[in-house]
Amino acid sequence: GWLSIWRSKYQTGLWNAGVADPWESLLPEALREIKPVVVESSGGVAGGVVTEGMGYGIMIEGFLAAKGKDVRAKNYSLQLIKSWQGMVNGGATNCTVVQPFAGGEN
């Protein structure tokens, strides 16, 4: 069904979005040692790894995890949240947190 098609768009590794993994020590304990997963969007206005696709993935997997019937949903939601966190923070370069992708200097 639609869920298997949606999940086929997941790719392991935040590097697929051109972003370094976020620092484990700065993450909530629930996200530590979780492998990041991104949603590879295609078609439409935006393609590639975009925040819209990530947001939909977090929402879908979060709803399914809360419902409790899909045992994979909690893990998928944590993987997507960790990736989204990395996209927002922008990762680290030379042990320094770089400018967040979510906003500019002003």
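1. A polar contact, as the term is used in this note, is a pair of N or O atoms within 3.5 Å, where one atom must be able to donate a hydrogen and the other to accept it. In this predicted model, such a contact joins the side chain of Glu61 to the side chain of Arg7, at 2.7 Å.

2. Glu61 belongs to helix 2, and it counts as buried because its relative accessibility is 0%. Apart from neighbours within four places in sequence, Glu61 is in contact with Leu3, Arg7, Tyr10, Ala73, Tyr76, Ser77 and Leu80. Of these, Tyr76 stands 15 residues from Glu61 in sequence, while the C-alpha atoms of Glu61 and Tyr76 are 6.4 Å apart in space.

3. Helix 2 covers residues 51-67 and helix 3 covers residues 73-89, and the two pack at an angle of about 150° with their axes 8 Å apart. Angles over 145 degrees count as roughly antiparallel, and helix 2 and helix 3 are therefore roughly antiparallel to each other. The crossing of helix 2 past helix 3 is left-handed.

4. The residues that meet include Met54, Ile58, Glu61 and Leu64 from helix 2, and Tyr76, Leu80, Trp84 and Met87 from helix 3. Sorted by class, this contact of helix 2 with helix 3 has 10 nonpolar, five polar and two charged residues.

5. The loop between helix 2 and helix 3 holds Asp70, which counts as buried because its relative accessibility is 16%. The side chain of Asp70 also makes a polar contact with the side chain of Arg7, at 2.9 Å. Residues up to four places away in sequence being set aside, Asp70 touches Leu3, Arg7 and Leu64.

Note on methods
Residues numbered from 1 in each chain as written. Predicted model: local features only at pLDDT ≥ 70, side-chain atom pairs only at ≥ 80, totals over all residues. Heavy atoms only, no water. Axes fitted to C-alpha atoms, helices over the stretch in contact; angles between N-to-C directions. Helix = DSSP H or I, 4+ residues; strand = E, 2+ residues; numbered from the N terminus. Parallel < 35°, antiparallel > 145°, perpendicular 65-115°, else oblique. Left-handed = near helix turned anticlockwise from the far one by under 90°. Contact = heavy atoms within 4.5 Å. Nonpolar A, V, L, I, M, F, W, Y, C, P; charged D, E, K, R; others polar. Buried < 20%, exposed > 50% of the residue type's maximum accessible area, 1.4 Å probe, protein only.
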